Amino acid sequence: MHHMSTEMKACIENCLACYSECLSMAMGHCLELGGEHTKPPHFKLMMVCAEICRTSAHFMLIGSEHHKHVCRECAEICAQCADDCERIGDMQSCVDACRRCAESCRKMAA
């Protein structure tokens with residue numbers, strides 16, 4: 001079993017929280033509201049964000065040395081998703097989860 005730092009444990013928690021928030025928000029809130037919330041570029045971005053967050057957590061949990069590359073990409077996608085959710089509006093919990101995850105993943109990628 002690899003040693004896991006407090007920072008990595010926090011990043012895993014933030015990634016899993018963002019995964020859950022993006023997926024739940026997309027499948028519930030966005031699909032119910034329609035309009036801008038379900039336009040393909042936004043909806044796809046939310047799905048991509050959820051999946052990269054899940055994948056980043058997975059890589060850290062299994063102790064892969066490749067987690068730094070995945071976390072770097074995760075930080076970029078989460079930042080983009082946060083900006084897009086903020087642009088559309090009424091998605092603050094998703095914006096917050098994405099920004100927390102992006103910040104944690106930037107630290108893991110360093």
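This is a predicted model: local features need pLDDT of at least 70, side-chain atom pairs count only at pLDDT 80 or more; totals for chains, interfaces and linings use all residues.
# Salt bridges, a core and its cysteines

Arg106 has a charged partner. Glu103 forms a salt bridge with Arg106, and their closest N and O atoms are 3.3 Å apart. Glu103 also counts as partly exposed, at 38% relative accessibility. Both residues lie in helix H4, three residues apart, which is about one turn of the helix.

Other charged residues join up into one network: Glu36, Lys39, Asp84 and Arg87 are linked by salt bridges that share partners. The structure holds seven salt bridges. Take the one between Glu36 and Arg87, where the closest N and O atoms are 3.3 Å apart. Glu36 sits in the loop between H1 and H2, while Arg87 sits in helix H3, so this pair ties together parts that are 51 residues apart in sequence. Glu36 counts as partly exposed, with 35% relative accessibility. Arg87 is exposed, with a relative accessible area of 51%.

The side chains of Glu51 and Arg54 meet at 2.5 Å, N to O. These two residues are three apart in helix H2, about one turn of the helix. Glu51 is partly exposed at 36% relative accessibility. Arg54 is partly exposed too, with a relative accessible area of 34%.

Now turn to the inside. In soluble globular proteins, nonpolar side chains tend to be buried together. The largest nonpolar core in this model has 39 residues. Cys18, Met46, Cys49, Cys78 and Cys98 have the most contacts inside this core. Helix H1 (6-33), H2, H3 and helix H4 (92-109) each supply at least two of the core residues. H3 gives the most, with ten residues. Cys98 touches Cys18, Cys22, Cys49, Cys78, Cys81 and Ala82, leaving out residues up to four places away in sequence.

How many disulfides does a search of the whole structure find? It finds zero. Cys49 is in no disulfide, and the nearest cysteine sulfur, that of Cys78, is 3.7 Å away. A disulfide here needs two cysteine sulfur atoms within 2.5 Å. Cys49 is buried, because its relative accessibility is 0%.

Is Val70 buried or exposed? At 13% relative accessibility, Val70 counts as buried. Val70 touches Ile52, Thr55, Ser56 and Phe59, not counting residues up to four places away in sequence. Val70 and Met25 are 45 residues apart in sequence, and their C-alpha atoms are 23 Å apart in space.

Some nonpolar residues face outward instead. Leu16, Leu61 and Ile62 make a nonpolar surface patch of about 280 Å². Ile62 lies in the loop between helix H2 (40-61) and H3. Ile62 counts as exposed, at 56% relative accessibility.

Finish at the loop between H3 and H4, where Asp90 is found. Asp90 is exposed, with 60% relative accessibility. Most residues other than glycine have a negative phi. Phi of Asp90, however, is a positive value, near 60°.

Definitions and conventions
Residues are numbered from 1 along each chain as its sequence is written. Side-chain values use heavy atoms; hydrogens and water are left out. Buried means under 20% relative accessible area, exposed over 50%, partly exposed in between (1.4 Å probe, protein chains only). Contact means heavy atoms within 4.5 Å. Patches are made of residues with over 30% relative accessible area and no salt bridge: like charges are joined within 9 Å, nonpolar side chains (Val, Leu, Ile, Met, Phe, Trp, Tyr) within 5 Å. Accessible areas come from the Shrake-Rupley method with a 1.4 Å probe; for residues, only the protein chains shown count as cover. A salt bridge is a side-chain nitrogen of Lys or Arg within 4 Å of a carboxyl oxygen of Asp or Glu. Helices (H or I, at least four residues) and strands (E, at least two) are DSSP runs, numbered from the N terminus. A nonpolar core is a set of buried Ala, Val, Leu, Ile, Met, Phe, Trp, Tyr and Cys residues joined through side-chain atoms within 4.5 Å.
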